[in-house]
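Subject: Structure handover

Hi there,

Here is the structure I promised to pass on to you. Please have a look at it first, and then read my notes below.

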Amino acid sequence: MINRLIVWILQYLPKDFVWIFSKRYIAGKELSHALNITKKLNSQGIKATMDLLGEFLTRAEKVEYYKKEYIRLIEASVAGKLDNSFSVKPTMFGLLLNEEMCYNNVREIVAKAATLSRFVRIDMEDTQCTDMEIALFKRLLNEFPNYVGLVVQAYLKRTLNDLNDLAAFDNGRGLINIRLCKGIYNEPAQKAFKDKEEINKNYLIDLEFMFRNNIYPAIATHDKKLVREAYNLIKNYNITPDKFEFQMLYGVTPELRKSIVDKGYNMRVYVPYGKDWFNYSTRRLKENPRMITHMIKALFVRG
């Protein structure tokens, strides 16, 4: 209740004050900030996936702006010889306004990335979007094999069925690349597991399915227990390092991140940036108020 109260208060405070809480988890407000952070990560042997902030677009005229910004991001990344991929949220491109408009705009981004041998991941949003985003991914994968991936969320009760469907769609081609995360949106109990242990159990069931079915998993977690269990699955199935990677959010659990890198495993860090940082920060905190505790601790412990 205290965390929820703080979240409610934060959205009415000056943005400069909220930035104090947000800046550890967001690369910056401008493209140059994100490029510099990515370059620094690369120097540490860490890959990145860069994300321009903005989602749940309700005005079609902003779609063109976001598309041009992604094209600029892709070109700047290639010019800087960065080791990175890109994440896009379909609602930023009007998924909830017009599916075909969304497809055309996301396709243009993926096509640009593919011509430069760069990879784009379709982010997964709340459950009103799940079916549409899986359909968008399948359509793009057929056009741009090896250059497009998807996200699934282990807390959703449907996820294992979705993975089965994707494996059947792949039909042995080995083209499916999935970021597996726990999930953050506040979904009803009939759609999502609520208990932490149950979510972790299903995360590992999903991950094991992916290893068994030639799906490339991006193991996205900051949970030490899940990381240890992932190590066990990697060993049990004799999975070579080129068949998976770990992923983490920028600014979160850097010590755990380093321990994974030190083991010789691929690590990719999610680098969000952009002028929409305030809406992103307050929305994420509303969806998961428990983050407040960690952010306040980081503010006072790390200055």
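Helices here are DSSP runs of H or I with at least four residues, strands are runs of E with at least two, and both are numbered from the N terminus.

Before the details, some housekeeping. This is a predicted model, so local features need pLDDT of at least 70 and side-chain atom pairs count only at pLDDT 80 or more, while totals for chains, interfaces and linings use all residues. Residues are numbered from 1 along each chain as its sequence is written, and side-chain values use heavy atoms, with hydrogens and water left out.

Back to the pair. Axes are lines fitted to C-alpha atoms, for helices over the stretch in contact, and angles run from 0 to 180 degrees between N-to-C directions. On the helix 8 side, the residues that meet helix 9 include Tyr203, Leu204, Leu207 and Phe211; on the helix 9 side, Leu226, Ala230, Leu233 and Ile234 are among them. Contact means heavy atoms within 4.5 Å. The residues of this contact divide into eight nonpolar, one polar and four charged (Ala, Val, Leu, Ile, Met, Phe, Trp, Tyr, Cys and Pro count as nonpolar, Asp, Glu, Lys and Arg as charged, and the others, Gly among them, as polar).

Helix 8 has another partner in helix 7 (residues 159-170): their axes come within 10 Å and cross at roughly 10°. That makes helix 7 roughly parallel to helix 8. Thr159, Leu160, Leu163, Asn164 and Ala167 of helix 7 touch Ile205, Asp206, Phe209 and Met210 of helix 8. Six of the residues in this contact are nonpolar, two polar and one charged.

Zooming out, the chain has twelve helices and eight strands. Of its 303 residues, 54% count as buried (under 20% relative accessible area, with exposed over 50% and partly exposed in between, using a 1.4 Å probe and protein chains only).

Which residues touch the most other members of the largest nonpolar core? They are Phe93, Leu140, Phe246, Ile260 and Val271, in a core of 82 residues. Its largest share, eight residues, comes from helix 5 (residues 99-115). A nonpolar core is a set of buried Ala, Val, Leu, Ile, Met, Phe, Trp, Tyr and Cys residues joined through side-chain atoms within 4.5 Å. Beyond its neighbours within four places in sequence, Phe93 is in contact with residues including Val63, Tyr70, Met101 and Ile109.

Tyrosine 231 sits in helix 9 and is buried, with a relative accessible area of 18%. Leaving aside neighbours within four places in sequence, tyrosine 231 contacts Phe246, Ser259, Ile260, Lys263 and Tyr265.

Finally, two backbone details to check. Lysine 81, in the loop between helix 4 (61-79) and strand 2 (84-88), has a positive phi near 55° and is exposed at 76% relative accessibility. Asparagine 214, in the loop between helix 8 and strand 6 (216-220), has a positive phi of about 60° and counts as partly exposed at 47%. Most residues other than glycine have a negative phi.

Best wishes

How values were computed:
Angles under 35 degrees count as roughly parallel, over 145 as roughly antiparallel, 65 to 115 as roughly perpendicular and the rest as oblique.
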